[in-house]
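Let's work through a few exercises on a protein model. Keep the sequence and the 3D view open while you go.

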Amino acid sequence: MADEEPVDQKKYLEESCKPKCVKPLLEYEACVKRIKGDESGHKHCTGQYFDYWSCIDKSVAPKLFSKLK
């Protein structure tokens, strides 16, 4: 087992937490649709994007830290 590459558990935990963060994801997707035709480049959905990943990170953190050595 010492010769095996460690597996990044965070990726798997993120997938399991995504269903808990549907509302921020829908808000992000709605924003993307809303600004799709913006040619100026001034509109963005950075806030919604970070809200979505913040939700996932908050869900993953307790599970991830219990698996770390």
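This is a predicted model, so treat every value as computed.

**Exercise 1.** Work out where S59 sits, whether S59 is buried or exposed, and what S59 touches.

*Solution.* 
- Step 1: Locate the residue. You'll find S59 in helix α3.
- Step 2: Check the accessibility. The relative accessible area of S59 is 13%, and buried means under 20%, so S59 is buried.
- Step 3: List the contacts. Skipping residues up to four places away in sequence, S59 touches C17 and K20.

**Exercise 2.** Describe the disulfide that joins C21 to C55: which parts of the chain does it link, and which hand does it have?

*Solution.* 
- Step 1: Check the bond. The sulfurs of C21 and C55 are 2.0 Å apart, and the cut-off for a disulfide is 2.5 Å.
- Step 2: C21 is in the loop between α1 (9-17) and α2 (22-34), while C55 is in helix α3 (residues 46-67). The two cysteines are 34 residues apart, so this pair links distant parts of the chain.
- Step 3: Read the torsion. About the S-S bond of C21 and C55 it is about -85°, so the disulfide is left-handed.
- Step 4: Compare the ends with the cut-offs. C21 has 0% relative accessibility and therefore counts as buried. C55 has 23%, so C55 counts as partly exposed.

**Exercise 3.** Now sort out the other cysteines: how are the bonded ones paired, and which cysteine is in no disulfide?

*Solution.* 
- Step 1: Count the bonds. The structure holds two disulfides.
- Step 2: Describe the one between C31 and C45. Its S to S distance is 2.0 Å. With -95° about the S-S bond, this link is left-handed. C31 belongs to helix α2 and C45 to the loop between α2 and α3, 14 residues apart. Both C31 and C45 are buried.
- Step 3: Write the pattern. Number the bonded cysteines in sequence order and you get 1-4, 2-3.
- Step 4: C17 is in no disulfide, and the nearest cysteine sulfur, belonging to C21, is 6.8 Å away. C17 counts as buried because its relative accessibility is 0%.

**Exercise 4.** Work out how α2 and α3 are arranged, and which residues meet between them.

*Solution.* 
- Step 1: Get the geometry. The axes of α2 and α3 come within 8 Å and cross at roughly 160°.
- Step 2: Angles over 145 degrees count as roughly antiparallel, so that's how α2 and α3 run relative to each other.
- Step 3: The crossing of α2 and α3 is left-handed.
- Step 4: Name the contacts. From α2 come P24, L25, E27, Y28, C31 and R34, and they meet Q48, Y49, D51, Y52 and C55 of α3.

Conventions:
Residues numbered from 1 in each chain as written. Predicted model: local features only at pLDDT ≥ 70, side-chain atom pairs only at ≥ 80, totals over all residues. Heavy atoms only, no water. Helix = DSSP H or I, 4+ residues; strand = E, 2+ residues; numbered from the N terminus. Buried < 20%, exposed > 50% of the residue type's maximum accessible area, 1.4 Å probe, protein only. Axes fitted to C-alpha atoms, helices over the stretch in contact; angles between N-to-C directions. Parallel < 35°, antiparallel > 145°, perpendicular 65-115°, else oblique. Left-handed = near helix turned anticlockwise from the far one by under 90°. Contact = heavy atoms within 4.5 Å.
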